[in-house]
Amino acid sequence: MEHESTQELPVTPDVVAGGRTEISDEVVEKIAVAAAKAVPGVVELGGDVARFFNAVLDRVGLDQVGDARRGCSAHVTDGAAVINLVIVTDAGHPVPEVTNAVRAAVTQAIEAYGLRVDEINIRVDDVAIGGPAA
């Protein structure tokens, strides 16, 4: 029986293909929203108008429409992100404490994706007294 000989090619882990990786604004928005929602004292994201339309969508069974980026806009330039958030806080949590925690959580989440965070602007649009905002 004759065996075919195979030639093994050396694999060098130091050789990596070049190229560029870009992370879209929409991906950054989704990451920022998920991180912000996880912060104690953040009841909801989005301004009055967004919350009104989302409440209507919730009632007609379309509660997932546009939900992933609600209350957030982001812009990524040269590997750095500027993020704008609109939040509703719980009346039982001091606003500076909540906004500092949101900045820390969002920064950590975005940096885990290899981006630098230049700015996180937060607008507290409402305060929920005794439960979720209407």
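Me: Which strand is T89 found in?

Reply: First off, this is a predicted model, where local features need pLDDT of at least 70, side-chain atom pairs count only at pLDDT 80 or more, and totals for chains, interfaces and linings use all residues. Residues are numbered from 1 along each chain as its sequence is written, and side-chain values use heavy atoms, with hydrogens and water left out. Strands are DSSP runs of E (at least two residues) and helices are runs of H or I (at least four), numbered from the N terminus. With those labels, T89 is found in strand β3.

Me: Does T89 count as buried or exposed?

Reply: Buried means under 20% relative accessible area, exposed over 50%, and partly exposed in between (1.4 Å probe, protein chains only). Leaving out residues up to four places away in sequence, T89 touches G41, V43, V95, V98, V124, D126, V127 and A128, a contact being heavy atoms within 4.5 Å. Because its relative accessibility is 1%, T89 counts as buried.

Me: What is the handedness of the crossover from β3 through α3 to β4?

Reply: β3 and β4 pair in the parallel sense over 11 bridges, where pairing takes at least two bridges found by DSSP. The chain passes from β3 through α3 to β4, making a β-α-β crossover. The test is to point the strands away from the viewer: a clockwise path from the first strand over the helix to the second is called right-handed. By that test, this crossover is right-handed.

Me: Which elements do the buried residues of α1 pack against?

Reply: The buried residues in α1 are V28, E29, I31, A32, V33, A35 and A36. One of them, V28, touches I23, A74, V76, A81, I83, I110 and L115, not counting residues up to four places away in sequence. Taken together, the buried residues of α1 pack against β1, β2, β3 and α3.

Me: Why does V76 count as buried?

Reply: V76 lies in strand β2. Leaving aside neighbours within four places in sequence, V76 is in contact with I23, D25, V28, A81 and L115. V76 counts as buried because its relative accessibility is 18%.

Me: How far apart are the C-alpha atoms of A101 and A35?

Reply: A101 is found in helix α3 and counts as partly exposed because its relative accessibility is 30%. A101 and A35 are 66 residues apart along the chain. Their C-alpha atoms are separated by 9.9 Å.

Me: What share of the chain do buried residues make up?

Reply: The chain has 134 residues. Of these, the buried ones make up 31%.
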